[in-house]
Amino acid sequence: MKGNLPILIIEDQAELQECIRCAILHNQIKNPVFYAANRSEAFDYLSSIQYQAARVQNKLPGVIILNYHLEGDSSLQILASIKADHIYNQIPVIIFGETNSEEDMDACYALGCNGYFRIPQSEDEFNKIIKVIYDFWLHAAAIPYFAERV
């Protein structure tokens, strides 16, 4: 059972955080959304969930959206750390990149990302992509129920 799993957004730019927030509201997505601006904040969030006493209410994310171009942090290192961890490795990680560079995409997929999207250039594109991510990863796809793994 996937239930109402949280969405973790790893994004350091306030403008893109706001675009994602607006797309989530537009699509009437009710899942809790958490934002992390860097690797440290992301893993603080993940480990706080992992070690919560009330694990039934504190679930690992059903999906992580990660900006490929974070300031000061390597998104590839964040992705590699998530995919190397036995608790987090099955959480779908979707990358938002600024380009459709084959090198960028190849690097992401080689480390285990589950999807790569070019950062949308319009509100309508944001709405559509967030809806696709939500519909597929939080409804249609068969993925483990992460709260049972911690």
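Student: Which element supplies the largest share of the lining of the largest cavity?

Tutor: Rolling a probe the size of a water molecule over the atoms shows where empty space is left. In this predicted model, helix 5 gives the largest share of that lining, with three residues.

Student: How many cavities of 30 Å³ or more does the structure hold, and what volume has the largest cavity?

Tutor: There is one cavity of 30 Å³ or more. The volume of the largest cavity is about 40 Å³.

Student: Which residues line the largest cavity?

Tutor: The lining consists of Ile-7, Ile-9, Ile-24, Ile-29, Val-63, Ile-65, Ile-130, Ile-133 and Tyr-134. Strand 1 (7–10), strand 3 and helix 5 (123–140) each contribute at least two residues to the lining. Sorted by class, the lining has nine nonpolar residues, no polar ones and no charged ones.

Student: Now the strands. Is strand 4 mostly covered or uncovered?

Tutor: Buried means under 20% relative accessible area. Strand 4 spans residues 93–97, and five of its five residues are buried. Val-93, Ile-95 and Gly-97 point one way from the strand, whereas Ile-94 and Phe-96 point the other way. Both sets are buried.

Student: In which sense does strand 4 pair with strand 3, parallel or antiparallel?

Tutor: Strand 3 (residues 63–67) and strand 4 are paired in the parallel sense, over four bridges. As one example, Ile-64 has Val-93 of strand 4 as its bridge partner. Between these strands the chain passes through helix 3 (residues 75–84), and this β-α-β crossover is right-handed.

Student: How many bridges join strand 4 to strand 5?

Tutor: Four bridges join strand 4 to strand 5 (residues 115–118), and the two strands run parallel. Here Phe-96 has Phe-117 of strand 5 as its bridge partner. Strand 4, helix 4 (residues 102–110) and strand 5 form a β-α-β unit, which is right-handed.

Student: Back to helix 3. Which of its residues are buried?

Tutor: For a helix, list the buried residues and then look down the axis. In helix 3, the buried residues are Ser-75, Ile-78, Leu-79, Ile-82 and Lys-83. Seen down the axis of helix 3, they fall within an arc of 125°, so they line one face of the helix.

Student: Which exposed residues does the face turned away from the buried side of helix 3 carry?

Tutor: Exposed means over 50% relative accessible area. The face of helix 3 turned away from its buried side carries Gln-77 and Ala-84, which are exposed.

Technical notes
Residues numbered from 1 in each chain as written. Predicted model: local features only at pLDDT ≥ 70, side-chain atom pairs only at ≥ 80, totals over all residues. Heavy atoms only, no water. Buried < 20%, exposed > 50% of the residue type's maximum accessible area, 1.4 Å probe, protein only. Pairing = 2+ DSSP bridges. Right-handed = clockwise from strand over helix to strand, strands pointing away. 1 Å grid on protein atoms, 1.4 Å probe; cavity = no way out; pocket = protein on both sides within 12 Å on 5 of 7 lines; lining within 4 Å. Points joined across faces, edges and corners; volume = space filled by probe spheres on them. Nonpolar A, V, L, I, M, F, W, Y, C, P; charged D, E, K, R; others polar. Arc of directions from axis to C-beta.
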